[in-house]
Amino acid sequence: MKLLEIKDLHKSYDGESVLKGLSITVEKGEVLAIIGPSGSGKSTLLRCATGLETADSGAINYEGRFGLVFQNFNLFPHYSVLKNVCDAPLKVQKRDKADVKKEALALLQKMGLEDKANAYPCQLSGGQQQRVSIARALAMHPDILFFDEPTSALDPELTGEILKVIKDLAAEDMTMVIVTHEMNFARQVADQIIFMEEGVIRLAGTPEEIFTSKEQRIVDFIGKVSNN
């Protein structure tokens, strides 16, 4: 079952073409990893797919709801952790307050943050803030979850804890689209990987196909990023 289908997506900024006719399909339960150099259009693709940017042309078709986890957490600094998680289900989905709170506390426990419910974002580490943002996204009951470089704002020690959370979600068959520069992680967790460069998909395939590709540009990119 297709949860997301993007056809011939184009996007330009100030006359410069950033996305040049991208087409992707994401099936239910699938994890799609998007890799590629900076400036290749990866984040723009996610922003268009989630409605934060309007594409110039092309089609984006969904089955169900989506959630988005940002690079820089985007938590409300004046809200407690619990209120950050509860806010959208209450205000947007108009769900029962007691049910939302119960579920939010369960999600925080799942993220190892049950003791941080009454804390504020400034009192948390970067890794803890990102786990709160994941809990917040999951609280909306998304059918597909997007991650835009979820570890880019974290130091290496905290990166591992976020990657573990995402791996656990993959093991639960959560459908995900993940823009990442973590090559080993992409290889382990993804069902499909696309390599983007200059606004187009240069190569798409399984992790095995991508990481054993003889195409020199792919070999050079993976070698360079993996050694950083």
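Reply: Here is a walk through the sheets first, then the helices and the pockets. Keep in mind that this is a predicted model.

Me: Fine. What does the record say about a domain?

Reply: UniProt, in an unreviewed entry, lists residues 4–223 as "domain: ABC transporter". Over residues 4–223 the chain is 37% helix and 27% strand. The end C-alpha atoms of that stretch are 31 Å apart.

Me: Sheets, then. What is the strand order in the sheet of 3 strands?

Reply: The order is β2-β1-β4, in an open sheet with antiparallel pairing.

Me: Which strands stand at the edges there, and why is one side of each left without a neighbour?

Reply: The edges are β2 (16–27) and β4 (57–62). Each has a single partner strand, so one side of each has no neighbour in the sheet. On average, neighbouring strands in this sheet are turned by 15 degrees against each other, with direction ignored.

Me: How many bridges join β1 to β2?

Reply: There are 9 bridges between β1, which covers residues 2–13, and β2, and the two strands run antiparallel.

Me: What do β8 and β9 form?

Reply: They form a hairpin with 2 residues between the strands. In the turn, Glu198 has a positive phi of about 55 degrees. β8 (residues 192–197) and β9 (residues 200–205) run antiparallel and are joined by 5 bridges. As an example, Ile194 has Ala204 in β9 as its bridge partner.

Me: Now helices. Which strands does α1 lie across?

Reply: Helix α1 is residues 42–49.

Me: Pockets. What is the volume of the largest pocket, and what lies nearest its centre?

Reply: The largest pocket has a volume of about 520 Å³. Its lining has 24 residues, and Gly36, Ser38, His181, Phe221 and Val225 lie nearest the centre.

Me: Which helix supplies the largest share of that lining?

Reply: α8 does, with 6 residues. α1, α6 (183–189) and α8 (216–226) each supply at least two residues. By class, the lining has 6 nonpolar, 12 polar and 6 charged residues.

Me: What about the second largest pocket?

Reply: Its volume is about 410 Å³. It is lined by 16 residues, with Leu68, Phe70, Ala88, Arg136 and Met140 nearest the centre. The lining of this second largest pocket divides into 8 nonpolar, 5 polar and 3 charged residues.

Me: Which elements supply at least two residues of that lining?

Reply: β5 (66–69), α2 (81–91) and α4 (126–138) each do.

Definitions and conventions. Residues are numbered from 1 along each chain as its sequence is written. This is a predicted model: local features need pLDDT of at least 70, side-chain atom pairs count only at pLDDT 80 or more; totals for chains, interfaces and linings use all residues. Side-chain values use heavy atoms; hydrogens and water are left out. Two strands pair if DSSP finds at least two bridges between them. Helices (H or I, at least four residues) and strands (E, at least two) are DSSP runs, numbered from the N terminus. Axes are lines fitted to C-alpha atoms, for helices over the stretch in contact, and angles run from 0 to 180 degrees between N-to-C directions. Contact means heavy atoms within 4.5 Å. UniProt positions are given in the numbering used here, feature names are shortened, and annotations may be inferred rather than shown by experiment. On a 1 Å grid over the protein atoms alone, a cavity is a set of points where a 1.4 Å probe fits but cannot get out, and a pocket is an open set with protein on both sides within 12 Å along at least five of seven lines; lining residues have an atom within 4 Å of a point. Grid points are joined across faces, edges and corners, and a volume is the space filled by probe spheres set on the points. Ala, Val, Leu, Ile, Met, Phe, Trp, Tyr, Cys and Pro count as nonpolar, Asp, Glu, Lys and Arg as charged, and the others, Gly among them, as polar.
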